Amino acid sequence: MHKTDGQSNTSTKKRPPRNFRFSSGDAFIVGAIVLCCAIIIGGLFIHRHIHKDDARYVRITQDGKVLLEMDLREFSEPMEYRIDSDRGHMIIYLSSEKVYIKESSCADKICEKEGELTSPGDGAVCLPNRVVVQIVSGNSDEGNPSGKVDAVAK
Amino acid sequence: MRKSAFDIAKTAIMLSLALVLSILEAWLLPRGILPIPGFKLGLANIAILVTLYGVGKKEAFLVAVLRSLVILGLGGNIVGFLFSLLGGIFAWGTMCLLVERKHVSIFGVSIAGAASHGIGQILAALWVMRTVYVISYLPYLVLAGSLAGALIAFLTIPIVKALDHIGNEMIQ
């Protein structure tokens, strides 16, 4: 540990090479990234293909009580489900493709911002109305994604 | 450990550049327009790359972490902070591994950094959202990020050259 006059470090420090042209290693990196992405996309595609016939259910609960549980395939045409309670009202859009909260009387509208729910595991929660809307899979292993509905047993 | 005033100045300027670019990006690319949630150009990575090439690894880490912290302090939310922090640390680690390789240019460093940034963000999303479905975003986030990474490298080159030039003049 000796003191220097403050500037000497800059010139002696090892700097990374100034390689500003696309080089062989870069091509390898790009190739590896594209290959990995292709594998993941392929895997997801196969996964979706295997599970495409799995039933998707929409489950709407209020205060832990199930108000509605239906197979999405049963909605031959879109419908709107209305919830009226002393806390307020909500309108939930239901179709065979997607589910979303169209309107809510609550102040923060966080549930509306959740957007479209399409895949098992998606969900929207409205705390002021105590309403949970979620998509669950027909497969019983995944059917209870986060344990949120444990209280619904009876 | 002693540092030259020039290095300290460069790091400080790059931190402020990173902040300005982060804010600029938040202005330019409002959410909802982009097809992939969470996708960004990563303009702030220009500043981190310049620090990595022009000053050093530790300083680049400082710029990456402090940028996330200051953005949080300026009114960001904690989830956004977690995303950018994890993404930034992943990108920094990967770029450090590659920056001294002879056959890897600044393009490879930036592209690999951008790809790692996407992986870091997906890990943060896994943790925050607690659902594996976010993985389906990963390939798109990484591919789009790699394209952005090449653009970022292109924009970084003149800055590194200019800083080298200033440094050489100071030594003479």
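Select A:Arg59 and look across to A:Glu69 in strand 2 of chain A: the two are bridge partners. A strand here is a DSSP run of E with at least two residues, a helix is a run of H or I with at least four, and both are numbered from the N terminus. Before you click on, note that this is a predicted model, where local features need pLDDT of at least 70, side-chain atom pairs count only at pLDDT 80 or more, and totals for chains, interfaces and linings use all residues. Residues are numbered from 1 along each chain as its sequence is written, while chains are lettered from A and ligands numbered from 1 in the order in which they are written.

Now colour residues 56-62 of chain A, which is strand 1; this strand and strand 2 of chain A pair in the antiparallel sense over 6 bridges. (Strands count as paired if DSSP finds at least two bridges between them.) The two strands form a hairpin with 2 residues between them, and A:Asp63 in the turn has a positive phi of about 55°.

Next, show the whole sheet: 4 strands in the order 2-1-7-6 of chain A, open and antiparallel. Its edges are strand 2 (65-71) and strand 6 (123-126) of chain A, each pairing on one side only. On average, neighbouring strands are turned by 15° against each other, direction ignored. Angles like this run from 0 to 180 degrees between N-to-C directions, with axes fitted to C-alpha atoms, for helices over the stretch in contact.

At the other end of that order, select strand 7 (residues 131-137) of chain A, which pairs with strand 6 of chain A over 4 bridges, antiparallel. Here A:Ala124 stands opposite A:Val133.

Stay in chain A for another open antiparallel sheet, with 3 strands in the order 3-4-5. Strand 3 (79-85) and strand 5 (99-104) of chain A are its edges, and the twist averages 25° from one strand to the next. Pick strand 4 (residues 88-94) of chain A: 5 bridges link this strand to strand 5 of chain A, and A:Ile92 has A:Ile101 as its bridge partner.

Finally, jump to chain B and select helix 2 (residues 45-54) and helix 3 (residues 57-73). Their axes come within 7 Å and cross at roughly 160°. That makes helix 2 of chain B roughly antiparallel to helix 3 of chain B (under 35 degrees counts as roughly parallel, over 145 as roughly antiparallel, 65 to 115 as roughly perpendicular and the rest as oblique).
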